[in-house]
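This briefing sets out the fold, the strand pairing and the nonpolar cores of the structure shown below.

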Amino acid sequence: MTLGSYLTQLLKGNTDVLILSLLQREPMYGHQILQQLEHASAGFFQVSEGTLYPALYRLVREGFIRSRWLKLPAGPERKVYSLTKKGQDRLDECRSTWDGFAAAMNRVTAAAG
Amino acid sequence: MSSDVAGYLDRLRIHLRLGGSQDADIMRELAAHVEDRVEELVQRGVPAARAQRMAIDGLGRPRTLAHLLQQAHLITPWRDALFGAGAFAFLAAVVGGQLWRAPVLAVASAAVVVAITLYGLWLGRPAWFYPWAGVALSLPLVAGYIAFALLHRAAGGDVTPIALAGIAGAVLYFPVGLVVVAAAILVAVRRDWLDASVLLSPLPGVLVLIIAAHRAGGLASGADPVPTTSLLLFATYACMSMGALLFLRAPMRHHKVTLLVGGALLLLGGATLIAWPDGGVVTLAGRAVLLLAFLLSPALVARHA
């Protein structure tokens with residue numbers, strides 16, 4: 001596996017958590033999520049629209065987030081996504097799992113190094 | 001909205017076909033997204049025309065995006081769902097009408113199935129592809145039986161060129177057949193194990209037909225062509241056609257799993273009660289376990305893939 005595909009797989013497996021984490025901060029619309037993701041990761045995470053929107057629709061369908069059209073202060077209407085209680089619970093579970101996973105990875109890679 | 005954006009969204013709409021209000025909602029959101037993206041790029045100093053091109057390119061090919069959005073919604077458009085369900089209806093007609101006993105009709109039916117399956121592959125495996133691919137997968141099963149029947153004839157001293165072809169086919173059958181089925185399942189599982197289960201679903205019925213035909217003296221025996229089994233399988237595949245329509249249109253994943261498991265159990269129970277009413281509960285339970293293990297095996301593959 002190349003480093004590029006390794007990173008792609010990591011990102012693919014964690015897109016939902018990244019979206020839920022951003023929406024925990026505040027409700028956002030699609031383009032805003034992409035911008036925030038890039039900004040918060042200092043350009044490390046660059047998710048395509050073809051990944052973002054299907055993930056958003058899936059998360060809505062599964063009840064982790066909800067969406068509604070809102071008029072922004074600047075004028076135009078945008079479909080804004082926000083976290084639900086179920087989404088918050090899922091995010092807490094994912095974070096806990098991630099902490100355990102990262103700690104174990106660090107232990108193993110540090111020992112190997 | 002520029003003509004480039006409108007053109008892209010039109011092409012996306014052609015492939016999407018989720019339903020009026022959903023399509024309109026997605027188009028509205030993506031148009032807003034392109035607008036935001038163009039504004040962002042222009043602010044960064046990119047010329048407007050190039051910014052628009054980049055924003056559209058960022059969405060990817062309309063067909064690919066439509067496919068990803070359909071998967072996210074899980075709902076298959078009516079036209080695609082009907083076409084997918086048509087695979088089982090076609091199989092019901094072939095089995096019920098015993099078209100498989102006439103070589104020309106059998107070959108023509110197989111050619112139709114293979115052509116539709118290849119077309120589905122070319123389109124990038126839309127939801128309707130899997131029922132047709134499942135029917136196509138049953139062809140090696142039938143071909144294998146024919147090869148073994150010819151081999152059997154050769155073993156009886158009737159060594160003809162056709163019998164020699166049967167020997168060659170029989171030798172190749174197991175490795176090639178296994179590789180084809182395993183590869184198809186692995187490819188389908190990568191996307192969704194439920195697709196792989198749909199792929200497997202026509203096979204048990206075809207196996208029942210082959211066993212019945214064999215017990216009746218083989219394909220070329222000229223004996224009574226298993227009318228009870230054919231009728232039963234016709235009814236089974238007709239029900240599966242309805243089941244596939246509901247499955248493809250089901251909005252939630254657990255609905256699909258329920259339809260798959262519930263439908264298989266209902267059909268097996270019904271068919272057993274009609275054909276073998278004295279079979280006993282233990283036999284029925286054993287068959288049910290085997291059938292479910294077979295249909296749900298892709299879930300196990302997906303867990304370990």
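This is a predicted model: local features need pLDDT of at least 70, side-chain atom pairs count only at pLDDT 80 or more; totals for chains, interfaces and linings use all residues.

Chain A contains 4 helices and 3 strands. Chain B, in contrast, has 13 helices and 0 strands.

**Chain A: composition**

- From the N terminus, the elements of chain A follow the order α-β-α-α-β-β-α.
- Chain A has 113 residues, of which 21% are counted as buried.
- Among the contacts in chain A with a separation of 6 or more, 48% are between residues 24 or more positions apart.

**Chain A: the sheet**

- The 3 strands form an open sheet in the order β1-β3-β2 of chain A, and their pairing is antiparallel.
- β1 (28-29) and β2 (65-71) of chain A each have a single partner strand and stand at the edges, so one side of each lacks a neighbour in the sheet.
- In general, the strands of a sheet pair through backbone hydrogen bonds, in either a parallel or an antiparallel manner.
- The antiparallel pairing of β1(A) with β3 (residues 77-83) of chain A extends over 2 bridges.
- Within β3(A), A:Val80 is the residue that stands opposite A:Tyr29.

**Chain B: composition**

- Read along the sequence, the pattern of chain B is α-α-α-α-α-α-α-α-α-α-α-α-α.
- Chain B has 305 residues, and buried residues make up 34% of them.
- Of the contacts in chain B between residues at least 6 apart in sequence, 65% join residues at least 24 apart.

**Nonpolar cores**

- The largest nonpolar core has 47 residues; those touching the most other members are B:Phe88, B:Leu91, B:Val95, B:Trp132 and B:Leu199.
- Two or more residues of this core come from each of α5 (78-96), α6 (103-122), α7 (129-155), α8 (161-191), α9 (193-200), α10 (203-215), α11 (227-249) and α12 (253-275) of chain B.
- α5(B) supplies the largest share of this core, with 10 residues.
- Beyond its neighbours within four places in sequence, B:Trp132 is in contact with B:Ala87, B:Val113, B:Ile116, B:Thr117 and B:Gly120.
- Another core, of 31 residues, lies apart from the largest one; its members include A:Tyr57, A:Phe64, B:Ile26 and B:Leu69.

Key: Residues are numbered from 1 along each chain as its sequence is written. Chains are lettered from A and ligands numbered from 1 in the order in which they are written. Two strands pair if DSSP finds at least two bridges between them. A residue is buried if 20 or more other C-beta atoms lie within 10 Å of its own, exposed if 12 or fewer, and partly exposed in between; C-beta atoms are placed from the backbone. Two residues are in contact if their C-beta atoms, placed from the backbone, lie within 7 Å. A nonpolar core is a set of buried Ala, Val, Leu, Ile, Met, Phe, Trp, Tyr and Cys residues joined through C-beta atoms within 7 Å.
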